[in-house]
Amino acid sequence: MSARKILVTGAAGKIGGAFYKAYGDELVLRLADIDVSKLADSSERFALDITDLSRCHEACEGIDTVIHLAADPNPDADFMTSVLPVNIVGTYNMLLAAKTQGCKRFIFASSAQAIEGYPKDVQVHENMAPRPGNLYGVGKAFGEALASLHANDCAMTTVAVRIANVNEFHPGEAHSHRDVAAFISVRDVVALLRDCVDAELNGFHVVHGVSDNRYKRLSIDETRKVVGYAPLDDAFKILEGK
């Protein structure tokens, strides 16, 4: 699957930018963002406002796999002015466009906020239902449900990646217990997305995006099995300087 064209939405963001820098020489990418000035000149760039359904259709033309990262990433984003039009309607538009254009795989950037309503001492497993902790998480839970719907006829494989705390930690820093347990390094998150591109999959899957932390807010047992995820980092070791 890696030889086929991949659309990355939100490509100018932290994760999107890290993904194309890591794999741009190996994969055929179409990089889409509302502001293409921040994207690499050497790549195929596409100006995309995901609230515009017609542009979503155009972005998906000739695409095998969509990595949908575009969203307002702020957990405190206002529902009516941002979560609803961008994260919910935008995801609806992208999934509909991908399905209509015959894309074979859709990788949706969900979030740990979709399960943040579980108690902090409960490790959440991939088969556990969403339990949002805020309205941003509600938007991500909607995206997971819609991705599942679009996989029902087996024409398009969909993967919801519950990405947790993408961060850079340094020895001696102090972080909350939750943020340490939910940590995922940049190199681990882009590797996980690559695994989701390459894995032999059918239907709908939920996978978890945390590093190999000593204690993990999200279990990655099934994620390892389903997509072959092999994270390299551990927040506890990083903070301890090991």
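Student: In this predicted model, which helices and strands each supply at least two residues of the lining of the largest pocket?

Tutor: Helix 1 (14-23), helix 4 (135-150) and helix 5 (177-181) do so, together with strand 2 (29-33), strand 5 (105-111) and strand 7 (165-166). The pocket itself has a volume of about 810 Å³, and of its 33 lining residues the closest to the centre are L69, A71, D72, P73 and Y136. By class, the lining holds 17 nonpolar, nine polar and seven charged residues.

Student: Why is G228 called partly exposed?

Tutor: Its relative accessible area is 45%, and because partly exposed covers the values between the 20% limit for buried and the 50% limit for exposed, G228 falls in that class. G228 sits in the loop between helix 7 (221-227) and helix 8 (235-240), where, leaving aside neighbours within four places in sequence, G228 is in contact with D195 and T223.

Student: What makes C196 buried, and what rules out a bond from its sulfur?

Tutor: C196 has 0% relative accessibility, and because buried means under 20%, C196 counts as buried. The closest cysteine sulfur, in C103, is 16 Å from the sulfur of C196, which is too far for a bond when the limit is 2.5 Å.

Technical notes
Residues are numbered from 1 along each chain as its sequence is written. This is a predicted model: local features need pLDDT of at least 70, side-chain atom pairs count only at pLDDT 80 or more; totals for chains, interfaces and linings use all residues. Side-chain values use heavy atoms; hydrogens and water are left out. On a 1 Å grid over the protein atoms alone, a cavity is a set of points where a 1.4 Å probe fits but cannot get out, and a pocket is an open set with protein on both sides within 12 Å along at least five of seven lines; lining residues have an atom within 4 Å of a point. Grid points are joined across faces, edges and corners, and a volume is the space filled by probe spheres set on the points. Helices (H or I, at least four residues) and strands (E, at least two) are DSSP runs, numbered from the N terminus. Ala, Val, Leu, Ile, Met, Phe, Trp, Tyr, Cys and Pro count as nonpolar, Asp, Glu, Lys and Arg as charged, and the others, Gly among them, as polar. Buried means under 20% relative accessible area, exposed over 50%, partly exposed in between (1.4 Å probe, protein chains only). Contact means heavy atoms within 4.5 Å.
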